[in-house]
Amino acid sequence: MPPNLPKRRLSDVLVCPAAVSVPLIAAHMANMNENETPQKPAAVKVLTRSEVASILGIAPKTLANWHSTGIGPPAMRLHGLVRYDEADFIAWYKACKAAS
C-alpha cells in the first residue's frame, strides 16, 4: 500500500443500515418435506461389446459387423468405445424374441 493513502478498515466501507436476516434453509430445500429423503438418480448400466456378444452367443467381431451395417442391438459411442445401454439391449432382445 502506498504510504500517502490513509488506512481503511472493511467496516468503514461496508455500512449496513438495517439488520439483515438470512434464511436458514436454502431455496432448493424449501419445497422438501422433513421426512423426504433425496432420491438418487437411477444408475445406467452399459454393456461392452464382448458382454453383449457373450449373451447372444456370437463372436464380438460378428457384433461389430452388425453395428457397422446398422443391424443388431442399438449401440452408442462413449469416448470412442462402443457401448450398449442394458435397458435398450433388453428391449431389443425381447422384440427379436417376440418376432421369432
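Among contacts between residues at least 6 apart in sequence, 38% join residues at least 24 apart in this chain. The structure is a predicted model. The chain contains 4 helices and 3 strands, and from the N terminus on these elements follow the order α-β-α-α-β-β-α. Of its 100 residues, 10% count as buried. The accessible surface comes to about 8700 Å², and carbon and sulfur atoms account for 60% of that area.

**Sheet**

- The 3 strands form an open sheet in the order β1-β3-β2, with antiparallel pairing.
- β1 (46-47) and β2 are the edge strands; each has a single partner strand, so one side of each lacks a neighbour in the sheet.
- The antiparallel pairing of β1 with β3 rests on 2 bridges, and V46 stands opposite D85 in β3.
- β2 and β3 also run antiparallel and are joined by 3 bridges; here L78 stands opposite L81 in β3.

**Hairpin and H79**

- β2 and β3 make a hairpin with 2 residues between the strands.
- H79 belongs to the loop between β2 (76-78) and β3 (81-85).
- Most residues other than glycine have a negative phi.
- H79 has a positive phi of about 55°, although this residue is not a glycine.

- A53 lies in helix α2 (residues 49-56).
- A53 has a relative accessible area of 1%; buried means under 20%, so this residue is buried.
- Leaving out residues up to four places away in sequence, A53 touches I58, A59, P60 and L63.
- One of these contacts, L63, is 10 residues from A53 along the chain, and the two C-alpha atoms are separated by 6.4 Å.

**Helix α3 and T69**

- T69 is found in helix α3 (residues 60-69).
- A polar atom of the T69 side chain lies 3.1 Å from the backbone oxygen of W66.

**Helix α4**

- Helix α4 (residues 86-99) has 14 residues.
- From its first C-alpha to its last, α4 reaches 20 Å, close to the 20 Å expected at 1.5 Å a residue.
- D85 caps the N-terminal end of α4, with a side-chain oxygen 3.1 Å from the backbone nitrogen of A87.
- D85 is also the residue of β3 that stands opposite V46.

**Aromatic residues**

- The whole structure has 2 aromatic pairs.
- F89, W92 and Y93 form one aromatic cluster.

Methods: Residues numbered from 1 in each chain as written. Predicted model: local features only at pLDDT ≥ 70, side-chain atom pairs only at ≥ 80, totals over all residues. Heavy atoms only, no water. Expected span 1.5 Å × (residues − 1). Polar contact = N/O pair within 3.5 Å; in protein donor to acceptor, adjacent residues only side chain to side chain. Buried < 20%, exposed > 50% of the residue type's maximum accessible area, 1.4 Å probe, protein only. Contact = heavy atoms within 4.5 Å. Phe/Tyr/Trp six-rings, centres within 6.5 Å; stacked < 30°, edge-to-face > 60°. Areas by Shrake-Rupley, 256 points an atom, 1.4 Å probe, with all protein chains shown as cover. Pairing = 2+ DSSP bridges.
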